[in-house]
Amino acid sequence: MNTTPELSFEFFPPRSVEGSENLMAVHAELMRFEPHFVSVTYGAGGSTQDGTFDAVKNMLATGSSTAPHLTGVGTSRDDIKSIIQGYLELGVKRLVVLRGDLPGGMVERGHFKYAEQLVQFVRDEFGDDLHLEVAAYPDFHPESTSPSNDIQYLKRKFDAGANSAITQYFYNADSYFSFIDEVQRAGISAPIVPGIMPITNYATLTRFSDACGAEIPRWIRARLEQYQHDELSLKAFGLDVVTHLCFDLLDNGVPGLHFYTLNKTEPVQDICKLIGFEQTN
């Protein structure tokens with residue numbers, strides 16, 4: 001197994017004091033794997049801006065390399081400059097730059113209709129001091145008109161100044177490897193880290209997947225449906241599926257694994273231990 005890839009973990013900002021305490025407890029436990037960095041998401045249209053900022057501030061205070069998500073939809077250039085200045089003052093060195101989604105009822109997209117425009121703006125305003133992550137889609141973005149167009153959108157993000165990418169989650173390793181082949185043929189050589197989503201709940205996973213275009217292979221979906229009312233069996237099956245996926249990815253030389261934690265310790269912890277990553281005391 002390839003032991004050099006780096007781990008990273010994604011969290012979402014809490015909406016309550018109790019949620020904040022839980023998040024920091026989960027963060028502390030997963031930091032024992034010594035991840036390369038952690039990221040904190042940002043709600044549609046900046047709806048969790050304060051929560052994201054506070055979570056990033058709290059994580060940085062523990063010594064964690066923390067990357068806030070930054071979305072362009074519904075924001076102005078001045079908004080983005082102000083947000084980034086605030087993060088720079090905290091000591092942020094990395095951003096996850098995304099187009100973002102419009103919240104319900106919002107029509108105006110603002111100055112940044114595409115992620116590449118936001119990447120270019122950040123580079124023009126702040127130079128090369130920040131490491132910029134962008135999103136990639138092995139199963140292709142649900143709004144993409146074709147796979148080839150999807151690759152070109154990704155290339156434009158790298159041409160604008162992105163350093164690396166994190167993929168949407170997937171459960172078919174061949175989708176990722178085929179995607180990487182296409183990406184390399186398009187002239188992209190930057191690291192593209194697979195995103196990993198633990199399987200713990202049938203309804204949540206299918207809802208996420210249907211919304212974002214991540215494919216759940218038919219055989220996996222059928223077993224999840226079978227186990228949807230049997231929590232122990234579903235979690236055991238999900239752990240087996242995702243662990244084997246991670247082994248396949250690591251054995252074929254991926255640059256890292258980025259886990260979507262959903263602010264939970266156990267699923268990610270179990271997978272990381274099974275695939276050979278150790279926690280410090």
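Which residues in H1 meet Ala55, Asn58 and Met59 in H2? The first close-up has the reply. A word on the model before that: it is predicted, local features need pLDDT of at least 70, side-chain atom pairs count only at pLDDT 80 or more, and totals for chains, interfaces and linings use all residues. Residues are numbered from 1 along each chain as its sequence is written, and side-chain values use heavy atoms, leaving out hydrogens and water.

**View 1. Helix H1 meets helix H2.** Ser20, Leu23, Met24 and His27 are the H1 residues that meet Ala55, Asn58 and Met59 in H2 (contact means heavy atoms within 4.5 Å). The residues of this contact split into 4 nonpolar, 3 polar and no charged (Ala, Val, Leu, Ile, Met, Phe, Trp, Tyr, Cys and Pro count as nonpolar, Asp, Glu, Lys and Arg as charged, and the others, Gly among them, as polar). Helices (H or I, at least four residues) and strands (E, at least two) are DSSP runs, numbered from the N terminus.

**View 2. The axes of H1 and H2 cross.** H1 covers residues 17-30 and H2 residues 49-61; their axes come within 11 Å and cross at roughly 40 degrees. Axes are lines fitted to C-alpha atoms, for helices over the stretch in contact, and angles run from 0 to 180 degrees between N-to-C directions.

**View 3. Strands S6 and S7 side by side.** S6 (residues 164-169) and S7 (residues 192-196) run parallel, joined by 3 bridges; two strands pair if DSSP finds at least two bridges between them. Ala165 stands opposite Ile192 in S7.
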